[in-house]
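Work through the exercises below with the sequence and the 3D view open. Each task is followed by a solution in steps.

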Amino acid sequence: MIIAAVALTVAACGGKKGDSPAAAVADNGPVVTRTVGGLEVSWIKDNQGERLMPVSLFPDAPQSLIDSLGVQDGLPSSVGTFLVRTDDGLILFDTGNGGKGAGLYSGLDSLGVAPSDIDYLYITHFHGDHIGGMMAGDSVVFPNAQVYASKVEYDAWTTPGDGHDQAIRTMEAYGDRLHLFNDGDMLPGGFTALAAYGHTPGHTVFQNGKLLIVGDLMHGAAIQMIHPEVNASFDMDGAAAAATRAKFISYAGENGCVMAGMHLPEPGFYDFAAEQAGK
């Protein structure tokens with residue numbers, strides 16, 4: 001019942017800023033900062049304008065469900081990244097699309113953070129809207145950052161193949177600052193890397209206490225919160241992606257976690273504990 005309520009709330013909110021029940025610190029246009037378990041977490045909007053995922057991207061969703069949720073025109077979504085301040089330094093989770101019009105760089109600037117200030121980059125997976133901001137042409141954007149990525153993901157994307165060139169070029173550019181982790185490894189800043197395979201071969205969720213940085217666990221939360229078995233066409237292994245989605249939604253509900261998702265509706269957070277409390 002909680003999961004159903006969460007999904008209906010997401011659908012009804014339509015992604016308006018301030019909808020997340022997590023404690024607010026600041027809302028600065030496309031940047032929204034929350035405190036989660038003592039951590040200061042900033043969602044940085046990378047896309048311009050409103051983001052709606054077409055319902056055609058969810059071919060398994062019955063029309064009756066789409067109609068009941070009122071999302072015929074598209075599912076509220078976003079493209080975002082997250083900056084977390086820790087005792088070990090500044091951690092940036094994913095980097096958006098990069099290029100002209102990307103909101104990441106102006107968002108960091110509004111927080112008083114330069115790319116050279118980032119100590120760590122944690123990458124959920126290697127799709128272009130997550131690693132694109134790591135490069136500007138042939139130059140690295142974050143010159144002092146140590147980069148952490150899943151070994152499973154790295155191995156899958158850095159062998160020759162269609163669509164692999166960006167990942168290969170980007171990882172090579174960061175050279176000896178690239179560190180590969182395995183499922184369950186503890187990383188700087190107190191985050192644990194958790195296998196969330198399915199969307200991509202090595203897709204990863206990062207956990208610190210009640211905070212879950214969930215990457216592309218969901219592309220259309222209004223549907224997928226209540227029907228985690230419904231995949232987006234982006235998911236490379238549908239069966240694994242659905243099982244992973246159900247697992248983490250259930251875990252977040254049972255443990256009162258805050259999800260921070262790169263494609264959750266603005267502002268990218270959902271607080272399961274507050275939903276349970278009926279706030």
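**Exercise 1: a central strand**

Of the 5 residues of β11 (146–150), 4 are buried, so this strand is largely enclosed by the rest of the structure. Buried means under 20% relative accessible area, exposed over 50%, and partly exposed in between, with a 1.4 Å probe and protein chains only. Strands (E, at least two residues) and helices (H or I, at least four) are DSSP runs numbered from the N terminus. The model is predicted, so local features need pLDDT of at least 70 and side-chain atom pairs count only at pLDDT 80 or more, while totals for chains, interfaces and linings use all residues. Residues are numbered from 1 along each chain as its sequence is written, and side-chain values use heavy atoms, leaving out hydrogens and water.

Task: find the strands that pair with β11, and their sense.

Solution. 
- Step 1. Two strands pair if DSSP finds at least two bridges between them.
- Step 2. β8 pairs with β11 in the parallel sense over 3 bridges; Y120 stands opposite Q146.
- Step 3. β12 (178–181) is also parallel to β11, over 4 bridges, and F181 is the bridge partner of S150.

**Exercise 2: the aromatic pair at F181**

Task: describe how the rings of F181 and F206 are arranged.

Solution. 
- Step 1. Rings of Phe, Tyr and Trp (its six-membered ring) pair if their centres lie within 6.5 Å; planes under 30 degrees apart are stacked, over 60 edge-to-face, and the rest tilted.
- Step 2. The structure holds 11 aromatic pairs. In the pair F181 and F206, the centres are 5.7 Å apart and the planes are at 80 degrees, which is edge-to-face.
- Step 3. F181 belongs to strand β12 and F206 to strand β15, so the pair ties together parts that are 25 residues apart in sequence.
- Step 4. Both F181 and F206 are buried.

**Exercise 3: the largest nonpolar core**

Task: locate the largest nonpolar core and the elements that supply it.

Solution. 
- Step 1. Such a core is a set of buried Ala, Val, Leu, Ile, Met, Phe, Trp, Tyr and Cys residues joined through side-chain atoms within 4.5 Å.
- Step 2. The largest has 25 residues, and I118, L121, M134 and F142 make the most contacts inside it.
- Step 3. β7 (89–93), α3 (104–110), β11 and α6 (165–174) each supply at least two of its residues; the largest share, 3 residues, is from α6.
- Step 4. A second, separate core of 23 residues includes V36, W43, A193 and L211.

**Exercise 4: the setting of H127**

Is H127 buried or exposed, and which residues does H127 touch?

Solution. 
- Step 1. H127 sits in the loop between β8 (120–122) and α4 (128–131).
- Step 2. Its relative accessible area is 18%, so H127 is buried.
- Step 3. Beyond neighbours within four places in sequence, H127 is in contact (heavy atoms within 4.5 Å) with W157, H199, T200, F234 and M236.

**Exercise 5: confidence**

Task: decide where the coordinates should not be read in detail.

Solution. 
- Step 1. pLDDT is the predictor's confidence in each residue, from 0 to 100. The protein chain averages 90, and 89% of the residues score at least 70.
- Step 2. Confidence is lowest in helix α1 (residues 2–13), at a mean of 39, and highest in β8, at 99.
- Step 3. The pLDDT is below 50 over residues 1–22. Where pLDDT is low, the predicted coordinates should not be read in detail.
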